[in-house]
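Reader: I would like to learn how to read a few features of a model.
Author: Then let us take them in turn.

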Amino acid sequence: QTSTDLSKDSSTTTTTSIQHLREDNPKDQEITFDFFFVFWVKMLEEAKSDVEQEPILSIYYHASITSHRSLDSDLANILSPRDGGLGEARPNSSKGKTPNILACQAHRIAHKLWTQDRKILALLIQNREAFAVDFHPGAKIGKGILFDHAMGVVIGETAVIGHNVSILHGMTLGGTWNITIEEGAKIGSGSVVLKDVPPRTYNGGW
């Protein structure tokens, strides 16, 4: 099947899922649109819209959202224990590559997509919990970056990180303000960086 075919299939599945929601309620009774019902319908509509923009996501959305008849079913699928489920890649098992390398590689792909205005796919890559970090795809990260332990690192959309910067675990960088870490700087663990860091200096915290 081509991407277009998959997109059509996903669109059809989404429409069918919405129809099932209506069929499950007796026609002679008033349907109560509670929060969870409205939320689930909204999820299906947004999934359909996303697939129309990015057909490559059709298989992922089908498995994770549109193939389910209700929010309960979808949540059960997500929360049930399983090995190697969709979107549950294990970074440490990828031929010896450490999570920090994989996180950087994933970010560079997401950043490229972001600059091409393919934000839906970029954000999907960002939101993968397997990397245990949160790098906004809009952030600019230079070459030679070292993320030591690479756990709990958060980098905001407007952040700019220069070349050969070392960052330890548990760091929060930027957010709604512009922060630049210059070339060769080092950021200590647990740091919340609220101002620019000059080149070849050490920032140890708040």
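Reader: How much space lies in the largest cavity?
Author: Rolling a probe the size of a water molecule over the atoms shows where empty space is left. Here the largest cavity holds about 80 Å³ of space. A cavity is a set of points, on a 1 Å grid over the protein atoms alone, where a 1.4 Å probe fits but cannot get out. Grid points are joined across faces, edges and corners, and the volume is the space filled by probe spheres set on the points. This is a predicted model, in which local features need pLDDT of at least 70 and side-chain atom pairs count only at pLDDT 80 or more, while totals for chains, interfaces and linings use all residues. Residues are numbered from 1 along each chain as its sequence is written, and side-chain values use heavy atoms, with hydrogens and water left out.

Reader: How many cavities of 30 Å³ or more does a search of the whole structure find?
Author: One.

Reader: Which residues line the largest cavity?
Author: Lining residues have an atom within 4 Å of a point. They are A103, A106, H107, A110, I125, Q126, F131, V133 and F135. The largest share, four residues, comes from α5. Helices (H or I, at least four residues) and strands (E, at least two) are DSSP runs numbered from the N terminus.

Reader: What is the lining of the largest cavity by class?
Author: There are seven nonpolar, two polar and no charged residues. Ala, Val, Leu, Ile, Met, Phe, Trp, Tyr, Cys and Pro count as nonpolar, Asp, Glu, Lys and Arg as charged, and the others, Gly among them, as polar.

Reader: How many aromatic pairs does the structure hold?
Author: A pair of aromatic rings is described by the distance of the centres and the angle of the planes. Rings of Phe, Tyr and Trp (its six-membered ring) pair if their centres lie within 6.5 Å; planes under 30 degrees apart count as stacked, over 60 as edge-to-face and the rest as tilted. The structure holds two such pairs. In one of them, F135 and F147 have ring centres 5.0 Å apart and planes at 35°, so the pair is tilted. F135 is in strand β1 (residues 134–135) and F147 in strand β3, 12 residues apart, and the pair links distant parts of the chain.

Reader: Are F135 and F147 buried or exposed?
Author: F135 counts as buried at 6% relative accessibility, and F147 counts as buried at 1%.

Reader: In what order do the strands of the sheet with β3 run?
Author: Two strands pair if DSSP finds at least two bridges between them. The order in this open sheet of four strands is β3-β6-β9-β11, with parallel pairing. β3 (146–147) and β11 (202–203) are at the edges with a single partner strand each, so one side of each has no neighbour in the sheet. Strand β9 (residues 186–187) pairs with β11 over two bridges in the parallel sense, and I187 has N203 in β11 as its bridge partner.

Technical notes
On a 1 Å grid over the protein atoms alone, a cavity is a set of points where a 1.4 Å probe fits but cannot get out, and a pocket is an open set with protein on both sides within 12 Å along at least five of seven lines; lining residues have an atom within 4 Å of a point. Buried means under 20% relative accessible area, exposed over 50%, partly exposed in between (1.4 Å probe, protein chains only).
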